[in-house]
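Me: I would like to go through some labels on this model and ask what stands behind each one.

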Amino acid sequence: MEPAVEGDAEMLGASDSELAATMGFSGFGKKARTFDLEAMFEQTRRTAVERSRKVLEAREKEKEVQAEKEFGSPCTDSPASASSAAGAVSTLTQRETACRESEDSSDEELTGPFVQSQTSAQGPAEDTDGDDEDDEFIGPPLPPGFKDSDDDNDDDTEEEDSNPVKKIPDSHEITLQHGTKTVSALGLDPSGARLITGGYDYDVKFWDFAGMDASLQAFRSLQPCECHQIKSLQYSSTGDVILVVSGNSQAKVLDRDGFPVMECIKGDQYIVDMTNTKGHTAMLNSGCWHPKIKEEFLTCSNDGTVRTWDVNNEKKHKSVFKPRSVQGKRVIPTTCTYSRDGRLIAAGCQDGSIQIWDRNMSVHTKFHCRQAHAPGTDTSCLTFSYDGIVLASRGGDDTLKIWDIRQFKKPLNSAERLPSFFPMTDCCFSPDDKILVTGTSVKKGGGSGKLFFFYRETFQKLYEIEVTDASVVRCLWHPKLNQIMVGTGNGLAKVYYDPVKSQRGAKLCVVKTKRKERQAETLTQDYIITPHALPMFREPRQRSTRKQLEKDRLDPMKSHKPEPPVAGPGRGGRVGTHGGTLSSYIVKNIALDKTDDSNPREAILRHAKEAEENPYWVAPAYAKTQPKTVFAEVEPEDDETDKPEWKKRKI
């Protein structure tokens with residue numbers, strides 16, 4: 001029986017080794033290592049008790065040394081303190097023994113050091129140290145003059161609140177070259193990744209901050225409205241489409257890459273009542289997106305209407321608002337906008353009035369001010385504050401005013417002597433709603449266009465920036481980027497930013513170096529792709545044009561520089577520039593013959609002696625019939641003065 005058992009064991013051992021080799025790991029069948037957790041916990045507890053005892057003794061010694069230094073003599077209480085320390089240590093030892101006995105008697109093990117022993121050991125020290133040890137810092141002492149970063153941030157915040165000028169990000173700037181004509185439209189998507197500019201040169205350019213390098217080049221340029229000046233550009237609230245308002249009567253919607261999405265329909269210009277037409281019939285002036293509804297936008301036109309549209313319905317407008325003068329006559333709206341919540345629609349008109357409607361009620365105005373600006377001037381911009389209470393208006397009468405729409409008869413504040421020569425001069429609020437920004441226009445050679453910053457509450461001029469030697473037309477302060485975009489009258493788009501206060505935007509492209517211009521990758525020879533050809537007829541595929549060009553440069557035949565054209569007569573077997581054929585070369589040499597044949601008689605008589613001595617062509621033919629040459633006698637010319645007019649030769 002025993003040999004059979006041994007044989008089974010050997011078979012099991014052999015199968016285990018074979019299984020381990022098959023599975024690819026060693027140690028198969030061995031017993032896992034075990035750990036005694038109780039012994040580990042006991043060791044941890046003893047270590048903790050020992051450390052606490054050493055800390056207590058060290059503290060007692062420090063106190064004795066300090067007491068001796070203070071009183072200059074051994075302290076009388078030192079024996080007491082020593083006895084108390086000894087008592088504490090003895091108490092600690094007794095409790096440790098009791099703990100060990102209780103642990104031996106109990107079934108459950110204590111996981112970790114005994115908390116009560118540490119508390120009792122530290123108790124006397126805490127009593128003697130007093131309340132100062134509660135505020136003691138953990139770690140090394142702070143260096144002199146150290147200030148916490150939170151304290152610095154608090155100080156900076158308080159300083160910015162007291163001085164709003166420090167919130168203006170103008171320490172750095174970059175310049176984007178749009179063209180040579182006025183930049184009349186600016187737009188930034190909600191995330192601040194892309195900027196679009198439009199101008200009087202009919203171009204719309206796309207700028208990607210993340211994709212640009214330090215050369216600051218636009219990645220796309222197009223003319224969406226052909227030969228019409230761009231009046232307004234704006235991204236929708238989601239940033240996926242762009243509204244383009246130009247000098248024609250049809251607004252366009254483009255996607256992020258500039259491809260058309262929809263175009264508004266043109267109305268019937270022979271209908272008097274503009275309510276019955278499906279679209280605008282005259283030049284557009286302005287437009288903007290609804291702040292909440294991403295498919296709706298607003299336009300105003302010289303036909304005297306303000307219309308709302310739906311992107312999904314290009315055949316007809318959604319609703320029509322018709323501004324009216326005091327006499328009830330039609331007036332032309334020059335600018336329009338939504339309120340921040342999208343419930344109100346405001347329009348500035350040529351008679352100087354500002355009229356505001358409820359978006360759902362298009363007949364009567366909800367608020368209006370008849371004498372907001374000078375009559376006959378173009379109100380170039382209306383914008384609501386972020387809190388939705390205050391409306392700012394930029395007038396063609398060189399003023400900037402803010403209004404409380406709840407008390408719309410009189411402006412809250414007004415600033416004058418701010419020249420404006422363009423019908424789209426902007427104004428905008430800062431992200432914190434405390435500063436109002438606008439630009440000024442200048443005549444050619446009349447100074448520099450400036451950007452003015454006004455405090456909203458008092459309308460005190462806080463700051464000004466000299467932008468360039470041309471008018472400042474558009475300005476935009478993006479709330480996420482905290483950067484200011486400016487469009488000027490000489491084709492520039494400037495971006496002002498601060499490396500600390502601003503986010504992304506222009507900071508992304510200024511740190512990138514200019515890319516090296518790559519050689520034009522062109523095919524060196526025609527390549528026909530034949531995927532199903534036999535291997536013997538298959539041409540090797542050109543993997544990279546750049547590598548092929550590098551190989552060609554190493555080939556002396558392909559890298560041979562063409563010979564320059566031959567100037568003057570040919571040389572070295574090469575013909576001059578007048579032609580490459582032999583006939584052209586002969587004609588050229590004949591033309592270079594410098595013999596003077598101006599007198600034909602002398603040219604013929606030059607050969608007379610040779611012809612007389614050796615006649616070959618003419619004389620032998622007349623040898624029998626006319627052996628002696630007879631020449632005609634020269635007759636004097638008839639005087640035609642005596643002849644009648646009808647007999648005279650007509651020249």
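**Labels and their grounds**

Reply: Trp-617 is in the segment that follows α10 (608-613). Bear in mind that the model is predicted.

Me: Why is Trp-617 called exposed?

Reply: Its relative accessibility is 73%. Exposed means over 50%, so Trp-617 counts as exposed.

Me: What makes up the nonpolar patch on the surface?

Reply: Tyr-616, Trp-617, Val-618 and Tyr-622 form it. Together they have about 580 Å² of accessible area.

Me: Why is Phe-459 called buried?

Reply: Its relative accessible area is 10%. The cut-off for buried is under 20%, therefore Phe-459 is buried. This residue sits in the loop between β24 (449-455) and β25 (461-468).

Me: Why is Tyr-202 called partly exposed?

Reply: Tyr-202 has 27% relative accessibility. Buried needs under 20% and exposed needs over 50%. The value falls in between, so Tyr-202 counts as partly exposed.

Me: Where does Tyr-202 lie, and what is its phi?

Reply: Tyr-202 is in the loop between β3 (194-199) and β4 (204-208). Its phi is positive, about 70°, although Tyr-202 is not a glycine.

Me: Which residues does UniProt list for "repeat: WD"?

Reply: The unreviewed UniProt entry lists 176-208, 277-319, 338-358 and 382-406. In the model, residues 176-208 are 58% strand and 0% helix, with end C-alpha atoms 11 Å apart. Residues 382-406 are 52% strand and 0% helix, and their end C-alpha atoms lie 16 Å apart.

Definitions and conventions:
Residues are numbered from 1 along each chain as its sequence is written. This is a predicted model: local features need pLDDT of at least 70, side-chain atom pairs count only at pLDDT 80 or more; totals for chains, interfaces and linings use all residues. Side-chain values use heavy atoms; hydrogens and water are left out. Helices (H or I, at least four residues) and strands (E, at least two) are DSSP runs, numbered from the N terminus. Buried means under 20% relative accessible area, exposed over 50%, partly exposed in between (1.4 Å probe, protein chains only). UniProt positions are given in the numbering used here, feature names are shortened, and annotations may be inferred rather than shown by experiment. Patches are made of residues with over 30% relative accessible area and no salt bridge: like charges are joined within 9 Å, nonpolar side chains (Val, Leu, Ile, Met, Phe, Trp, Tyr) within 5 Å. Accessible areas come from the Shrake-Rupley method with a 1.4 Å probe; for residues, only the protein chains shown count as cover. A salt bridge is a side-chain nitrogen of Lys or Arg within 4 Å of a carboxyl oxygen of Asp or Glu.
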